[in-house]
Amino acid sequence: MVTVEDVLTVGLSLPRAYRVMVRDRVKLRVGSLVFVAFSRDERVLGFAFPKLERDDLVRTRPETFFLPEAGDLRFN
C-alpha cells in the first residue's frame, strides 16, 4: 500500500514542487497550482487531471474516482 509519505517523497522530487498546509490539509503545489491534495484524515488523495477528461474518468470508475468540491474546480 502506498503511504502519504511515499506520495510526498515522489511529489516533492519534481521540479519546483513544494508542500503547503491549507485548511488542515496537506497539498503539493507548483506555483499556485495544486497537483496533489489529501483529505484531512489522509485517507483520500486528490490529484490533478486534464479538465476535458475528468468527467470521463469519473463516469467510467465512479467507485474509485470523484470530482472535488465546487470551490476546488475553479482551476484547470
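I took a surface patch to be made of residues with over 30% relative accessible area and no salt bridge, like charges being joined within 9 Å. The model I looked at is a predicted one.

**Entry 1: the negative patch**

I looked for charged patches with that rule. Glu5, Asp6, Asp41 and Glu42 form a negative surface patch. I then checked two of its members. Asp6 sits in helix α1, residues 4-12. Its relative accessible area is 38%, so I put Asp6 down as partly exposed. Glu42 belongs to the loop between β3 (33-38) and β4 (45-47). At 41% relative accessibility, Glu42 is partly exposed too.

**Entry 2: overall layout**

I went through the secondary structure next. I find 2 helices and 4 strands in the protein. Read from the N terminus, the order of elements is α-β-β-β-β-α. The radius of gyration is 13 Å, close to the 11 Å from the globule rule for 76 residues, so I note the protein as being as compact as a globular protein of that length. I also looked up the span of the C-alpha trace, which is about 30 × 30 × 25 Å along the principal axes. Of the 76 residues, 20% count as buried.

**Entry 3: backbone angles**

Which phi values did I look up for Arg16 and Glu42? Most residues other than glycine have a negative phi. Arg16 has a positive phi of about 65 degrees, although it is not a glycine. I place Arg16 in the loop between α1 and β1 (17-22). Its relative accessibility is 69%, so Arg16 counts as exposed. Glu42, already listed in the negative patch, also has a positive phi, near 60 degrees. Glu42 is a loop residue as well.

**Entry 4: salt bridges**

Side chains of opposite charge can pair when their charged atoms come close. How many salt bridges are there? I count 2.

One joins Asp56 and Arg59, with the closest N and O atoms 2.8 Å apart. I have Asp56 as partly exposed at 37%. Arg59 is exposed at 58%.

The other joins Arg61 and Glu63. Here the closest N and O atoms are 3.2 Å apart. Arg61 is partly exposed, at 40% relative accessibility. Glu63 has a relative accessible area of 61%, so I record Glu63 as exposed.

Definitions and conventions
Residues are numbered from 1 along each chain as its sequence is written. This is a predicted model: local features need pLDDT of at least 70, side-chain atom pairs count only at pLDDT 80 or more; totals for chains, interfaces and linings use all residues. Side-chain values use heavy atoms; hydrogens and water are left out. Patches are made of residues with over 30% relative accessible area and no salt bridge: like charges are joined within 9 Å, nonpolar side chains (Val, Leu, Ile, Met, Phe, Trp, Tyr) within 5 Å. Accessible areas come from the Shrake-Rupley method with a 1.4 Å probe; for residues, only the protein chains shown count as cover. A salt bridge is a side-chain nitrogen of Lys or Arg within 4 Å of a carboxyl oxygen of Asp or Glu. Lys and Arg count as positive and Asp and Glu as negative; His and the chain ends are not counted. The place of a charge is taken as NZ of Lys, CZ of Arg, CG of Asp or CD of Glu. Buried means under 20% relative accessible area, exposed over 50%, partly exposed in between (1.4 Å probe, protein chains only). The radius of gyration is taken over C-alpha atoms; the globule rule is 2.2 Å times the number of residues to the power 0.38.
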